[in-house]
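Subject: Structure handover

Hi,

Here is the structure we talked about, with the sequence alongside. My notes on what I found follow below it.

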Amino acid sequence: MKVSVVIPVYNVELYVEDCLRSVMDQTLQDIEIICVEDAGQDNSIDIIRRLMEEDSRISLFVNDKNMGLASTRNRGLGLAKGKYVYFLDSDDMIRPTALKELYDRAEAENLDTCIFSADFIFEDESLKEKFGTNPAKYKGEYPDVMKGKDLYTAWMKVWDWMPSQPRYFYRRDFLMEKGIRYIDGMLHEDETFAFDVLMNADRVRVIDEAYFIRRFRPSSIMSSGPTMKNVEACIRILKHVTDYEREDLCTEKNPLLIEAIEFYKGKIAADVARKYSRVKESGKGRVLFACSSYYQVLIALSVAFTEKIKIDLVLEEHGIETAEQLAERLQGLVDSVYVCKTSPEVDPYEEKQTADDEVLAAKLTEHVEEMFGDRDISEYTELHVFWDLGYIGTYLNIKNIGYILHEDSLDSYKKIRANRPNYQYIFDMESCLMHKGVVPFGYSPCCMTVEVNDTQGIEIPAAKVHERGRAEMMNNLSPEDKKRILKVFCPEEIKVDGAAVLLLTDPFAVTGRLPDRESQKRLYQELVEKYVGNEKLMIKAHPRDDLDYKSIFPEAVVIEKNMPMEVMNFDESICFDTAITVTSSAINGLKYVKNRIYLGQEYLNEFKKN
């Protein structure tokens with residue numbers, strides 16, 4: 001058998017006969033025609049069976065349930081017996097001499113694959129206007145047999161990337177030996193398949209001949225508008241390419257190929273953003289914010305109230321210890337509140353490899369989906385997270401679902417290198433390529449957009465970054481909204497009588513930035529001695545800071561630590577002469593402070609030396 005033609009079939013009764021006859025009429029006779037019907041609801045099967053009576057080379061296989069194009073093509077590939085295999089979509093056609101000429105060329109030059117051009121048929125003028133400018137032929141010239149990687153690199157220079165599978169003719173043994181398959185259940189499956197082919201092929205020929213006739217019709221996958229499934233498919237492509245880059249290119253010194261792949265990733269990321277923007281403009285779906293700190297809940301509420309949108313909230317108990325009580329106080333302000341309890345079996349905050357460990361990934365997925373109950377996360381048009389490595393962030397990465405990332409605290413992405421030394425690998429390309437699992441701070445392929453307070457001096461991918469000034473956003477809250485938010489976080493009134501100094505603490509001992517609690521205690525005793533005179537001392541501890549400041553400073557007023565500092569701006573009667581901190585960025589969000597003292601990481605480093 002010289003060639004196997006694999007034709008997935010799904011609800012194409014108007015076109016499938018034209019498709020099959022274009023194959024039946026091929027000048028190359030030694031072929032098999034494998035039709036795999038994907039549980040459609042029309043008369044396609046009857047048409048195929050009628051044509052089978054005319055041509056014994058046609059065989060029909062029917063899926064028990066709808067599997068999607070990728071899985072259906074894989075089934076056809078598994079059934080194929082020809083030396084070469086060709087995938088044709090059931091609403092398209094091929095020229096009469098296509099298979100003969102492709103077979104002869106592949107045999108003569110011992111090719112792994114032939115790639116060729118296409119002509120277009122448009123069913124109406126609107127589609128012609130939409131797609132008619134797409135080139136039917138390649139812009140570049142490729143006169144020689146090439147290695148797949150060299151062709152890919154050349155394509156990227158002029159953006160000749162055309163992964164549509166009916167433009168490829170494969171040696172079947174090559175696909176089987178390299179284990180190249182379509183990703184089951186995925187839309188835009190052509191992209192990853194074609195990428196894998198070029199990364200593995202030793203001999204590829206581009207032929208400047210339009211053997212394939214592409215039909216554009218209103219109801220086709222390509223002609224319809226994007227949905228979140230399209231967005232998620234593009235994210236999976238980006239992740240697939242990124243995984244290859246990390247695992248295969250880290251030891252291969254091919255700077256031109258690395259440059260080409262980086263260019264391709266940028267194109268995919270732009271496509272993700274474009275598709276997502278169109279989905280968002282449709283106004284359909286719901287909005288979810290996943291929060292792992294009290295401050296993040298404040299930002300989520302501020303976004304909802306200023307944009308006048310309804311949101312759902314996830315409160316991750318890992319960072320919000322009083323999540324159950326907070327959920328009760330949020331009733332009426334948001335649509336639904338979910339409490340994501342900390343799991344001793346799988347805590348992504350502790351186990352950074354969760355997404356790469358199949359057992360842990362399955363446990364985390366089960367944990368998150370049990371929390372949502374009957375709610376399907378695909379209902380959400382917008383998914384917002386503040387921490388890629390949290391429960392929801394890790395879950396979205398495991399499921400290849402796109403999300404919007406927000407800075408977890410004010411201007412925290414300006415000092416990642418200094419304040420988060422555990423993630424230094426993010427800024428080292430070779431180390432980053434070697435790293436497995438979820439990559440934080442917007443570097444994950446699943447992260448579509450990063451929202452920050454201020455873009456100046458940001459240390460994360462600039463192409464994804466968008467600015468949303470948090471102080472301006474909170475200033476735009478109505479007086480009534482400010483009161484509602486204040487009541488959520490501050491059930492008891494805060495009184496500041498006379499001159500007062502506010503000390504903002506950090507959980508240095510908990511996070512390991514200081515060796516123990518005694519060291520942290522000594523740090524703040526020195527600060528108070530140095531900066532606080534006769535003024536009243538008021539202390540606002542970080543939510544994860546577990547020192548007993550009332551026992552350390554008996555005369556001080558200790559403010560509820562689980563209250564985001566910014567909500568104090570909603571009460572104009574609260575004003576401090578001085579605010580002091582070592583590294584808490586919350587100090588910049590305080591409005592009614594006359595003098596701010598931010599000591600920084602350098603101060604902490606000097607303290608540790610002494």
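Ten residues of helix α8 are buried: Glu189, Asp190, Thr192, Phe193, Ala194, Phe195, Asp196, Val197, Leu198 and Met199. "Buried" means under 20% relative accessible area, "exposed" means over 50%, and "partly exposed" lies in between (1.4 Å probe, protein chains only). With ten of its twelve residues buried, α8 is mostly covered. The helix runs over residues 189-200, and its end C-alpha atoms are 17 Å apart, which agrees with the 16 Å that twelve residues should span at 1.5 Å a residue. That expected span is 1.5 Å times one less than the number of residues.

Before you read on, note that this is a predicted model: local features need pLDDT of at least 70, side-chain atom pairs count only at pLDDT 80 or more, and totals for chains, interfaces and linings use all residues. Residues are numbered from 1 along each chain as its sequence is written, and side-chain values use heavy atoms, with hydrogens and water left out.

Overall picture

The protein has 22 helices and 20 strands. Both are DSSP runs numbered from the N terminus: helices are H or I with at least four residues, strands are E with at least two. Of the 610 residues, 56% are buried. The C-alpha trace spans about 100 × 50 × 45 Å along its principal axes.

Salt bridges

The count comes to 34 salt bridges. The rule: a side-chain nitrogen of Lys or Arg lies within 4 Å of a carboxyl oxygen of Asp or Glu.

Glu54 and Arg21 meet in a salt bridge at 2.9 Å, N to O. Glu54 is in helix α2 (residues 44-54) and Arg21 is in helix α1 (residues 16-24), so the pair ties together parts that are 33 residues apart in sequence. Glu54 is partly exposed at 48% relative accessible area. Arg21 is partly exposed too, at 27%.

Asp312 pairs with Arg375, and their closest N and O atoms are 2.9 Å apart. Asp312 is buried, with a relative accessible area of 1%. Both residues belong to a network of salt bridges that links Arg286, Asp312, Asp335, Arg375 and Glu379.

Asp546 pairs with Arg517, with the closest N and O atoms 2.7 Å apart. Asp546 sits in the loop between β17 (536-540) and α21 (549-552), and Arg517 sits in helix α20 (residues 517-531), so the pair ties together parts 29 residues apart in sequence. Asp546 is partly exposed at 40%. Arg517 is partly exposed at 42%.

A negative patch

Which residues form a negative surface patch? They are Glu101, Glu141, Asp208 and Glu209. Patch residues have over 30% relative accessible area and no salt bridge, and like charges are joined within 9 Å. Asp and Glu count as negative, Lys and Arg as positive; His and the chain ends are not counted. The place of a charge is NZ of Lys, CZ of Arg, CG of Asp or CD of Glu. Areas come from the Shrake-Rupley method with a 1.4 Å probe, and for residues only the protein chains shown count as cover. Glu209 lies in strand β8 (residues 204-216). Glu209 counts as partly exposed, at 40% relative accessibility.

Backbone and distances

Two residues other than glycine have positive phi values. Lys308 has a phi near 55°. Lys308 lies in the loop between α11 (294-307) and β10, and is exposed at 74%. Asp411 has a phi of about 55°. Asp411 is in the loop between β13 (403-406) and α15 (416-419), and is buried at 16%.

Val465 is in strand β15 (residues 465-467) and is buried at 13%. Val465 and Leu405 are 60 residues apart in sequence, with their C-alpha atoms 9.4 Å apart in space.

Asp89 is in the loop between β4 (84-87) and β5 (93-94). Asp89 counts as buried, at 18%. The C-alpha atoms of Asp89 and Lys482 are 57 Å apart, and the two residues are 393 residues apart along the chain.

Best wishes

Terms used
Patch = residues over 30% accessible without salt bridge, like charges linked within 9 Å, V, L, I, M, F, W, Y side chains within 5 Å.
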